[in-house]
Amino acid sequence: MNAQSSKLSTISDNIANQNTTGYKRASTEFATFVAASGHGAYDSGSVTTNVRYSISQQGAKQYTTSAFDLMIDGNGYFPVADAGGGIAYTRAGSFVPIVRLVETEAGTKQAVTRLINPAGFELLGQKLNADGSSSGSAALVPIELPSGELKPNVSRSGIFKANLPASTSVRSPWTPPAGTLPAEGTYDIKTSIVTYDPLGTKVTLDVYLAKTGTNEWQVAVYDRGSTSRPVSLLGTSTLAFDPMTGKGSGGSLSFGIPHATETGATFPFTLDLASMQQVDAPYTVNKAEADGNAASSLEGFEVSTDGILYEVYADGTRNPSYKIQLASFQSPDQLSTEPGNVYRETQQSGGVKYGTAGSAGYGSVNSGALEASNVDLGTELAEMIQSQSAYTANSKVFQTGSELLDVLVNLKR
């Protein structure tokens, strides 16, 4: 009787959560339990129950219009934090931005916007730098969204990819001047690259090239300067080219770029020159650009399939801010279930492993979609009828046993 009651309870839960995002179907499994009662011909027994959840079975995809509705297409779980900071895991990716007061290291209260699911759990991610690199810590922290203030991004790296004409005549060794731009005729090629200082002010770099050998070019990078900032030579390098393939071995050139307004201050910058080549063709620039942007207003957010959260600005700039790491387990169906459609690690599930969405063993993240419950209503109704029949049969057995006991008592009388 109790076993059938447990099964009816799980069926009831499944039907009630048929439309719950990310809900995983519960099922009741039975096993015989035999109790040795003596040396008679028969040992009485009963049934033990075990409730299991189909956690690893994926539900159907449901499309939405919110960038923060996230679905994992494949294996993996979103790491989330409860009010006490404990980490749990979920497949229910319905998150909304909510303002919360948090305590800073200084002990003051600060209002921050975090991504929260309906049960109050905060989505966790790895903080990224503006260029998409790790911020230096692999720790998972609550994802915090910036407000709508204007935000510039300083330039940290750039790339110069071009073909230098092999037919260019070799000139005598070149010494780039330090306090002024090279004079016309002392170099062969010039290209400009726009960078931005920490305040979003443009700093234009001029790249000069002079052919000083049969397969050798000299590079000099200048800060063009302005009315408040003098011209300055930032760095030089020598590019050597393979005479058989025309490929260069320039590597990269690192230097400090002066702030546009703060005298004496610089910010580090690396210019990639590894893709330069020298073949018998006209001078062609394939790419000459740097990261960073001027101050622009925040327009919205995007989440890529590899779990990168981008801030999208009015000028079209997309700045990565967090990476949503996915969790995996060796036996996910052995995770413990808790209220709020979340799971906790157990000894049977195995330890948690984190990975990047879309990599081997992890599914991709779909923004603007949710994973539906994996409950099939027809299956639940059929099992409910079957359980009701079994429950009725069990009750008949108890009723018959009670009637036989009454007969035995009356015989004694």
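This is a predicted model: local features need pLDDT of at least 70, side-chain atom pairs count only at pLDDT 80 or more; totals for chains, interfaces and linings use all residues.

Entry one, strand β13. I looked up its partners. β13 covers residues 157-163 and pairs in the parallel sense with β19, residues 266-272, over 3 bridges. Here I found I159 standing opposite D272 in β19. Then I turned to β20, residues 284-290, which runs antiparallel to β13 and is joined to it by 6 bridges. In this pair, A162 stands opposite V285 in β20. A reminder to myself: strands of a sheet pair through backbone hydrogen bonds, either parallel or antiparallel.

Entry two, an open sheet. I traced 4 strands in the order β14-β15-β16-β17, with antiparallel pairing. Which strands stand at the edges? They are β14 (189-196) and β17 (232-240); each has a single partner strand, so one side of each is left without a neighbour in the sheet. From one strand to the next, the twist averages 20°. Inside this order I checked β15 (residues 202-213) and β16 (residues 216-223), which run antiparallel and are joined by 8 bridges. A210 stands opposite Q218 in β16.

I looked up N341, which lies between β26 (336-338) and β27 (342-344). N341 is not a glycine, yet its phi is positive, at about 65°. Is N341 buried or exposed? Its relative accessible area is 16%, and buried means under 20%, so N341 is buried.

Key:
Residues are numbered from 1 along each chain as its sequence is written. Side-chain values use heavy atoms; hydrogens and water are left out. Buried means under 20% relative accessible area, exposed over 50%, partly exposed in between (1.4 Å probe, protein chains only). Two strands pair if DSSP finds at least two bridges between them. Axes are lines fitted to C-alpha atoms, for helices over the stretch in contact, and angles run from 0 to 180 degrees between N-to-C directions.
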